[in-house]
Amino acid sequence: MASRAMTEPAFFILTALLDAPRHGYGIVSDVAELSRGRVQLKIGSLYGVLDRLVVDGLVELDREEAWQGRLRRYYRLTERGRHALAAEAERLAANARIASARLRELHPRPITGPAPS
């Protein structure tokens with residue numbers, strides 16, 4: 001996945017899978033919670049992102065279980081996925097440090113409240 005930028009949905013899906021395998025609806029609800037509602041995945045878009053993460057070797061199928069007459073797929077983070085998530089978290093943190101330092105240089109007073117219209 002190093003050849004293309006990690007999308008915000010992919011970042012939060014990998015984060016949701018850090019502690020345990022999850023099925024689709026579990027991932028969707030965890031992503032909404034982790035992102036504080038900023039990322040609202042639909043099931044169709046979730047599986048599009050999961051398919052790409054599987055192809056990239058960052059996520060793999062953990063198991064399938066029958067539930068209420070439907071097949072529920074559980075996905076888990078791979079070691080490669082864990083490393084990619086750590087690298088992306090560090091990249092984002094470094095970018096935030098750069099922007100924050102620049103803001104402090106150019107605007108020494110804290111910027112608070114809504115942006116001007």
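Before looking at helix packing I noted how axes are taken: they are lines fitted to C-alpha atoms, for helices over the stretch in contact, and angles run from 0 to 180 degrees between N-to-C directions. I also noted that helices (H or I, at least four residues) and strands (E, at least two) are DSSP runs, numbered from the N terminus.

**Entry: the model**

I am working with a predicted model, in which local features need pLDDT of at least 70 and side-chain atom pairs count only at pLDDT 80 or more, while totals for chains, interfaces and linings use all residues. Residues are numbered from 1 along each chain as its sequence is written, and side-chain values use heavy atoms, with hydrogens and water left out.

**Entry: overall layout**

I looked up the elements and found four helices and three strands, which run α-β-α-α-β-β-α from the N terminus on. For burial I used relative accessible area (buried is under 20%, exposed over 50%, partly exposed in between, with a 1.4 Å probe and protein chains only), and 31% of the 117 residues of the protein count as buried. I then turned to contacts, meaning heavy atoms within 4.5 Å; among those between residues at least 6 apart in sequence, 48% join residues at least 24 apart.

**Entry: helix 1 against helix 2**

I examined how helix 1 (residues 8-16) meets helix 2 (residues 24-34), and found their axes 9 Å apart and packed at an angle of about 110°. On the scale I used, angles under 35 degrees count as roughly parallel, over 145 as roughly antiparallel, 65 to 115 as roughly perpendicular and the rest as oblique; helix 1 and helix 2 are therefore roughly perpendicular to each other. Helix 1 brings Phe12, Ile13, Thr15 and Ala16 to the contact, and helix 2 brings Ile27, Asp30, Val31 and Leu34. I sorted residues by class (Ala, Val, Leu, Ile, Met, Phe, Trp, Tyr, Cys and Pro as nonpolar, Asp, Glu, Lys and Arg as charged, and the others, Gly among them, as polar), which gives this contact six nonpolar, one polar and one charged residues.

**Entry: helix 2 against helix 3**

For helix 2 and helix 3, I found that the axes come within 10 Å and cross at roughly 95°, which makes helix 2 roughly perpendicular to helix 3. Gly24, Tyr25, Ile27 and Val28 in helix 2 meet Ile43, Leu46, Tyr47 and Leu50 in helix 3, and by class the contact has seven nonpolar, one polar and no charged residues.

**Entry: positive phi**

I checked two residues in loops. Arg36, in the loop between helix 2 and helix 3 (43-55), has a positive phi of about 55° although it is not a glycine, and Arg36 counts as exposed at 77% relative accessibility. Gln68, in the loop between strand 2 (59-67) and strand 3, is likewise a residue other than glycine with a positive phi, near 50°, and Gln68 counts as exposed at 65% relative accessibility.

**Entry: salt bridges**

I counted a salt bridge where a side-chain nitrogen of Lys or Arg lies within 4 Å of a carboxyl oxygen of Asp or Glu, and the structure holds eleven salt bridges. One of them joins the side chains of Arg22 and Asp19 at 3.0 Å, N to O; Arg22 is buried, with a relative accessible area of 18%, whereas Asp19 is exposed, at 60%.

I next looked at Glu60 and Arg76, whose closest N and O atoms are 2.7 Å apart in a salt bridge. This pair links distant parts of the chain, with Glu60 in strand 2 and Arg76 in strand 3, 16 residues apart. Glu60 counts as partly exposed at 32% relative accessibility, and Arg76 is partly exposed with a relative accessible area of 30%.

Arg63 and Asp62 also meet through their side chains in a salt bridge (2.5 Å, N to O); Arg63 is partly exposed at 33%, and Asp62 is partly exposed at 25%. Salt bridges that share partners join Glu60, Asp62, Arg63, Glu65 and Arg76 into one network.

**Entry: Arg72**

What is the nearest side chain of opposite charge to buried Arg72? I took Lys and Arg as positive and Asp and Glu as negative, with His and the chain ends not counted, and found Glu65, 6.0 Å away, while Arg72 has no salt bridge. Arg72 is placed in strand 3 (residues 70-77), and, leaving aside neighbours within four places in sequence, Arg72 is in contact with His23, Arg63, Glu64, Glu65 and Trp67.
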